[in-house]
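Please look through the structure shown here.

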There are 2 protein chains.
Amino acid sequence: MNFFYDLDYEEGEVNALFKKIKSEYESEKVGYYHLLDSDISVAEINSYLPQAKWVRTIVVMGIGGSSLGTKAIHELLYSSNISNKSIRFLESVGPNAIKQVLTGIDFDETIFLIISKSGSTIETISNFKYVLEKFNVDFSKLKFNKHFVFITDKDSKLDKFAKSRELKTFYIPKNVGGRFSVLSSVGLLPLAILGYDIKELLNGAKLLRDRFFSFGYDNLIKKALYISENSKNNPINVLFSYSSSFKNFNEWYVQLWGESLGKIDIDNKRVGLTPIGLVGSIDQHSFLQLLTQGPHDKSVTFIKVNDFQNDIKIPEQSIEFLEDCDYVNGYSFNHLINAQCDATMQSVIKSGISVDLIEVDDFSEKSVGFLIFYYELLTSLTALALDIDAYNQPGVESGKIILKKKFRD
Amino acid sequence: MNFFYDLDYEEGEVNALFKKIKSEYESEKVGYYHLLDSDISVAEINSYLPQAKWVRTIVVMGIGGSSLGTKAIHELLYSSNISNKSIRFLESVGPNAIKQVLTGIDFDETIFLIISKSGSTIETISNFKYVLEKFNVDFSKLKFNKHFVFITDKDSKLDKFAKSRELKTFYIPKNVGGRFSVLSSVGLLPLAILGYDIKELLNGAKLLRDRFFSFGYDNLIKKALYISENSKNNPINVLFSYSSSFKNFNEWYVQLWGESLGKIDIDNKRVGLTPIGLVGSIDQHSFLQLLTQGPHDKSVTFIKVNDFQNDIKIPEQSIEFLEDCDYVNGYSFNHLINAQCDATMQSVIKSGISVDLIEVDDFSEKSVGFLIFYYELLTSLTALALDIDAYNQPGVESGKIILKKKFRD
């Protein structure tokens with residue numbers, strides 16, 4: 001991590017926040033910290049995998065925390081994936097989206113993972129009904145069973161249904177919220193079926209966690225302090241990721257950050273930090289102008305990947321009249337994209353904006369696990385610094401009640 | 001349009017802004033208003049189309065304003081597309097993205113549209129070189145010519161190159177900026193090859209333009225006044241579109257809004273409105289919490305589509321233990337998604353946020369043209385109300401200079 005702003009916090013303040021998170025870590029209240037230890041879930045998934053050898057297509061049916069993390073990790077690791085399996089995500093209840101996702105599905109080769117922490121997410125259950133109808137599923141016939149696997153809270157209504165039909169279920173620990181659940185079976189199961197090394201994913205996260213809680217990790221604490229103390233004048237936190245493979249990671253970040261840190265605090269005041277995800281260099285052509293000349297209401301974190309494994313080169317070719325563009329000839333595309341990251345970063349710093357940089361070693365399970373946990377930890381730290389509860393979402397209930405009324409009246 | 005906030009502006013203020021935009025419309029300075037009249041571009045495209053009958057795959061090579069609008073319109077109209085042609089977008093210089101876009105391309109059936117207003121966009125030209133090398137293109141052999149078409153400013157370096165090789169070029173009028181160019185050949189050519197009715201697209205836009213400039217369209221002016229006058233306390237403008245088909249439209253909006261309205265004003269002050277695009281109902285599960293309980297720094301525009309043409313139904317099926325979710329049974333998915341829009345809107349209004357609603361009739365060329373022009377016009381109006389230039393982007397130049405230095409030093 002490189003910081004291009006002042007992180008001059010006193011030891012007392014740093015230690016106080018560290019103490020807070022350490023006690024949260026050691027409590028039973030927040031479960032995501034401990035997903036990394038439970039070899040149980042890895043063992044359970046590994047013992048299930050042989051039963052899924054026939055699978056060619058995975059359809060994840062889930063929304064929000066049930067899909068965003070898996071999408072993010074799959075996209076980041078995609079170029080290294082050598083399996084012959086593919087994955088689709090049925091999240092929306094839009095008819096066009098539903099039809100598009102299900103087009104060309106060969107039921108015999110498809111597994112549907114129905115993921116809902118509460119067990120009664122209206123979008124997921126409605127889509128589940130549609131799939132049951134479309135493929136004439138009849139759970140009284142045994143042959144259908146292997147095509148449906150459920151991931152939910154133990155004893156949820158979905159779990160009760162699955163149990164009653166003897167369908168396979170994986171559980172999400174009760175103290176792990178949806179947006180912090182990617183390293184539970186929610187993400188691990190589909191990723192393992194796709195052939196990724198989930199043990200390494202957890203190891204990457206564990207590396208950071210154990211380093212942090214054993215030795216402290218000053219910079220992360222100071223970053224959280226900076227973000228929270230500047231939440232009034234920098235209420236927008238931009239994540240500018242330099243690789244198109246981060247599109248879904250950005251969306252995962254947006255949920256994690258927005259839903260965790262937009263809260264009414266103990267003094268009944270509205271607090272919150274607004275996340276924005278950008279992809280470089282593409283979004284230099286859409287958002288950079290606002291960053292450099294718009295109001296100073298944002299901080300920006302750049303992500304750069306130092307992975308030149310699958311790299312390709314810009315040909316040593318000069319096109320007549322376009323010699324102005326020859327300065328990148330012979331360099332690799334990754335070199336260009338990272339140079340664009342550096343150049344943009346410098347110009348954003350110059351315009352007076354608080355910037356920091358995360359450098360990722362490569363697109364490997366270990367690096368991705370580390371990065372996922374980095375953001376989860378930063379979210380928890382920032383919430384503690386802001387004195388809000390990162391793990392609830394009381395603000396979404398009212399819409400659900402209104403929705404039901406619209407149908408029942 | 002429905003507004004759930006007070007639009008109580010005096011006639012004088014409304015008229016003053018109308019006068020400003022009318023004079024901009026009548027000047028030669030801003031060209032996008034007049035794209036709708038130039039039957040020339042439609043005629044030119046139509047006369048070219050027979051030469052593109054062999055095309056099965058279109059690869060748009062362009063970034064920012066050269067691709068976002070086409071992507072947006074194609075996604076919105078996709079469900080009505082019955083052509084056997086497909087389109088891909090090569091925007092990024094990330095090696096993974098480049099390889100993914102070009103995987104499986106059959107050169108003989110592919111047309112590459114190289115789109116760059118300036119003619120020397122480093123990403124586009126570098127990708128162009130890569131494509132030339134990958135497919136062993138040699139412009140001295142005539143057979144390659146039909147595979148490459150250029151869209152750029154007249155007399156740009158790219159135009160000069162194309163002319164020197166007798167390659168087909170379409171022009172972007174000089175007074176039409178990239179992010180306002182979707183209704184020029186930039187968007188019209190690929191969309192026409194795909195089989196969309198570009199005349200109807202322009203007609204939809206024209207309908208709004210002519211209504212606005214002939215009779216005035218109070219609400220749009222008042223909305224711009226509201227947004228600009230609240231730019232300090234509501235600096236974030238959220239577009240919450242209820243259909244997954246709006247994902248790319250949201251990105252187009254983000255560029256249009258962010259790049260046009262983030263500026264240093266005549267008093268040397270930084271002004272700017274930050275755009276955020278959300279898709280319903282998915283983002284209820286990621287962003288709604290922040291909207292309802294976070295700080296009051298946002299206004300929200302909802303988009304709802306009243307198109308039930310391609311609709312499908314939620315089966316009349318009750319799943320044991322999940323009877324709680326039966327209240328939507330028998331309704332169409334579109335009904336559900338629109339009810340979710342209404343319910344979310346109500347809960348957001350209740351939390352004290354300024355909300356308005358755009359209802360779109362259907363996913364047709366005409367409706368989409370109308371909506372595109374609606375946002376262009378709103379952007380122009382808001383810039384005039386803020387006293388800034390919507391059409392330049394001086395803030396992105398510094399990064400470009402730094403980039404060149406990084407390679408040349």
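**A walk through the model**

At 31% relative accessibility, A:F321 counts as partly exposed, a class that runs between buried (under 20% relative accessible area) and exposed (over 50%), with a 1.4 Å probe and protein chains only. This is a predicted model, in which local features need pLDDT of at least 70 and side-chain atom pairs count only at pLDDT 80 or more, while totals for chains, interfaces and linings use all residues. Residues are numbered from 1 along each chain as its sequence is written, chains are lettered from A and ligands numbered from 1 in the order in which they are written, and side-chain values use heavy atoms, with hydrogens and water left out.

A:F321 sits in the loop between β11 (298-305) and α12 of chain A; helices (H or I, at least four residues) and strands (E, at least two) are DSSP runs numbered from the N terminus. Its phi is positive, about 75°, although A:F321 is not a glycine. Most residues other than glycine have a negative phi, and most peptide bonds are trans. A:N136 also has a positive phi, of about 45°, and is not a glycine. The loop between α5 and β5 (148-152) of chain A holds A:N136, which counts as exposed at 59% relative accessibility.

Helix α5 (residues 122-134) of chain A comes before A:N136. Helix α13 (residues 365-386) of chain A has 22 residues and reaches 32 Å from its first C-alpha to its last, close to the 32 Å expected. Here 19 of the 22 residues are buried, so α13(A) too is largely enclosed by the rest of the structure. A:D387, with a positive phi near 60°, follows α13(A).

Next come two pairs of helices. Helix α12 (residues 333-350) of chain A packs against helix α14 (residues 397-408) of chain B at about 130°, with axes 8 Å apart; axes are lines fitted to C-alpha atoms over the stretch in contact, and angles run from 0 to 180 degrees between N-to-C directions. The two are therefore oblique to each other, meaning that the angle is not under 35 degrees (roughly parallel), over 145 (roughly antiparallel) or 65 to 115 (roughly perpendicular). Residues of α12(A), among them A:Q340, meet residues of α14(B), including B:I402; contact means heavy atoms within 4.5 Å. Within chain A, α1 (residues 11-26) and α8 (residues 198-215) pack at about 125°, with their axes 10 Å apart. There A:F18, A:I21, A:K22 and A:Y25 meet A:R209, A:F212 and A:F213.

Between β10 (274-279) and α11 (288-293) of chain A lies a loop that holds A:Q284. A:S281 is found in the loop between β10 and α11 of chain A, and a cis peptide bond with omega about -5° joins A:G280 to A:S281. A:Q284 is buried, with a relative accessible area of 13%. Its side chain makes a polar contact (a donor and an acceptor, N or O, within 3.5 Å; sequence neighbours count only if both atoms are side-chain atoms) with that of A:Y242, at 2.6 Å. Among the residues that A:Q284 touches are A:Q340 and B:E123.

Terms used. The expected span of a helix is 1.5 Å times one less than its number of residues. Lists of a residue's contacts leave out its neighbours within four places in sequence.
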